[in-house]
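Let's take a friendly walk through this protein together. Have the sequence and the 3D view ready, and look up each residue as it comes along.

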Amino acid sequence: MTSGTTEWMVIGRISGAFGIRGELKVELFTDYPDRFKALSAIFVGQERQQYDVVGARRHKNMVLLRLAGVDSPDSVDTLRGQELFVPRSQSVTLKKDEYFFEDMIGVEALAESGASIGHVSDVLRTGSNDVFVVRGSGREILVPATREAVQELDLDVRRMVVAAWVLQEPL
C-alpha cells in the first residue's frame with residue numbers, strides 16, 4: 001500500500017477483470033465500499049491518471065467498477081495491480097476511534113516502558129483485524145490493530161503505546 005499522509009487517499013487496488021465488458025474487480029482498502037457509487041471520477045496508479053466512473057456495484061467482498069474507456073478484459077489487464085486514489089477532500093467522515101491508514105504511517109510505537117520500538121511503516125488488512133507493521137532497530141514487529149494490543153493511540157502527537165505481550169520480550 002502506498003504510504004504517507006498526502007492530499008491523496010488509496011481506497012482500493014485493481015485485482016483483475018470481471019466478465020467481458022471491462023468491469024474491474026477492486027480489492028477494497030476502505031470500510032465504506034458504497035463510496036464508489038458516488039464517485040464521478042477516480043485516479044489510477046502513481047501517475048494519478050483520471051478516469052470517469054461509469055458505474056460501480058458491490059459483489060461479494062469487492063466492488064465491480066466500470067471506467068470510461070476501459071471496455072475489455074485486455075484493457076483491464078493493463079491496469080491490474082494499480083491502486084485507486086481519491087483526493088483527501090473526498091474522504092468519508094470517520095467515527096470516533098477510526099483512522100485512515102495513511103494517517104498511521106510514521107506514527108511512533110512505544111513499549112509500555114516508554115522505550116521506542118520504531119515507526120509504523122505499513123498497515124496490512126488481514127480480514128479479521130488490521131495489523132500495523134512497525135520497523136525500528138533493525139527489526140520488524142507486527143502489531144494487531146486491536147484495543148488489547150494498542151493500549152493508547154494519539155494521532156495528534158503521532159504516538160501509540162503497544163502492550164508488552166505483543167513484543168514478547170522486555171525492552
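## Charged pairs and the parts they join

Arg57 has a relative accessible area of 39%, so this residue counts as partly exposed. Its side chain meets that of Glu23 in a salt bridge, with 2.9 Å from N to O. Arg57 sits in strand β4 and Glu23 in strand β2, so the pair ties together parts that are 34 residues apart in sequence. Is Glu23 buried or exposed? Glu23 counts as buried, at 11% relative accessibility.

Before going on, please keep in mind that this is a predicted model.

The structure holds 8 salt bridges. In general, side chains of opposite charge can pair when their charged atoms come close.

| Salt bridge | Distance, N to O |
|---|---|
| Arg57 and Glu23 | 2.9 Å |
| Glu83 and Arg13 | 3.7 Å |
| Asp34 and Arg58 | 3.7 Å |

Take the Glu83 and Arg13 salt bridge, at 3.7 Å from N to O. Glu83 belongs to strand β6 and Arg13 to strand β1, so this pair ties together parts that are 70 residues apart in sequence. Glu83 counts as buried, at 8% relative accessibility, while Arg13 is partly exposed, at 23%.

Next come Asp34 and Arg58, whose side chains meet in a salt bridge.

Now turn to the nonpolar side chains. In soluble globular proteins, such side chains tend to be buried together. The largest nonpolar core here has 21 residues, and those with the most contacts inside it include Leu24, Phe36, Ile42 and Leu65. Strands β1, β2, β3, β4, β5 and β6 each give two or more residues to this core. A second, separate core has 20 residues, among them Phe101, Val107, Val150 and Ala163.

Which residues does Leu65 touch, not counting those up to four places away in sequence? Among them are Gly22, Leu24, Val26, Phe36, Ile42, Val53 and Leu84.

## Aromatic pairs

How many aromatic pairs does a search of the whole structure find? The search finds 2. Trp8 and Phe43 form an edge-to-face pair, with 4.9 Å centre to centre and 65° between the planes. Trp8 lies in strand β1 and Phe43 in strand β3, so the pair ties together parts that are 35 residues apart in sequence. Both Trp8 and Phe43 are buried.

The rings of Tyr99 and Phe132 have their centres 5.9 Å apart and their planes at 45°, so this pair is tilted. Tyr99 is in the loop between β6 and α2, and Phe132 is in strand β9, 33 residues apart. Tyr99 counts as partly exposed, at 21% relative accessibility, whereas Phe132 is buried, at 2%.

## Some loop residues

Thr30 is found in the loop between β2 and β3. At 8% relative accessibility, Thr30 counts as buried. Its side chain reaches the backbone nitrogen of Tyr32 at 3.0 Å. Leaving aside neighbours within four places in sequence, Thr30 is in contact with Ile11, Arg35, Phe36 and Arg125.

Two other loop residues have a positive phi without being glycine. For Ser137, phi is near 50°, and this residue sits in the loop between β9 and β10. Ser137 is exposed, with a relative accessible area of 74%. For Arg158, phi is near 60°, and its place is the loop between β11 and β12. Arg158 counts as partly exposed, at 30% relative accessibility.

## How confident is the prediction?

The chain averages a pLDDT of 89, and 95% of the residues score at least 70. Over residues 1-5 the pLDDT is below 50, although this stretch has 17 contacts in the model beyond near neighbours in sequence. Where pLDDT is low, the predicted coordinates should not be read in detail.

Note on methods:
Residues are numbered from 1 along each chain as its sequence is written. This is a predicted model: local features need pLDDT of at least 70, side-chain atom pairs count only at pLDDT 80 or more; totals for chains, interfaces and linings use all residues. Side-chain values use heavy atoms; hydrogens and water are left out. Helices (H or I, at least four residues) and strands (E, at least two) are DSSP runs, numbered from the N terminus. Buried means under 20% relative accessible area, exposed over 50%, partly exposed in between (1.4 Å probe, protein chains only). A polar contact is a pair of N or O atoms within 3.5 Å; within protein, one must be able to donate a hydrogen and the other to accept it, and residues adjacent in sequence count only if both atoms are side-chain atoms. Contact means heavy atoms within 4.5 Å. pLDDT is the predictor's confidence in each residue, from 0 to 100. A nonpolar core is a set of buried Ala, Val, Leu, Ile, Met, Phe, Trp, Tyr and Cys residues joined through side-chain atoms within 4.5 Å. A salt bridge is a side-chain nitrogen of Lys or Arg within 4 Å of a carboxyl oxygen of Asp or Glu. Rings of Phe, Tyr and Trp (its six-membered ring) pair if their centres lie within 6.5 Å; planes under 30 degrees apart count as stacked, over 60 as edge-to-face and the rest as tilted.
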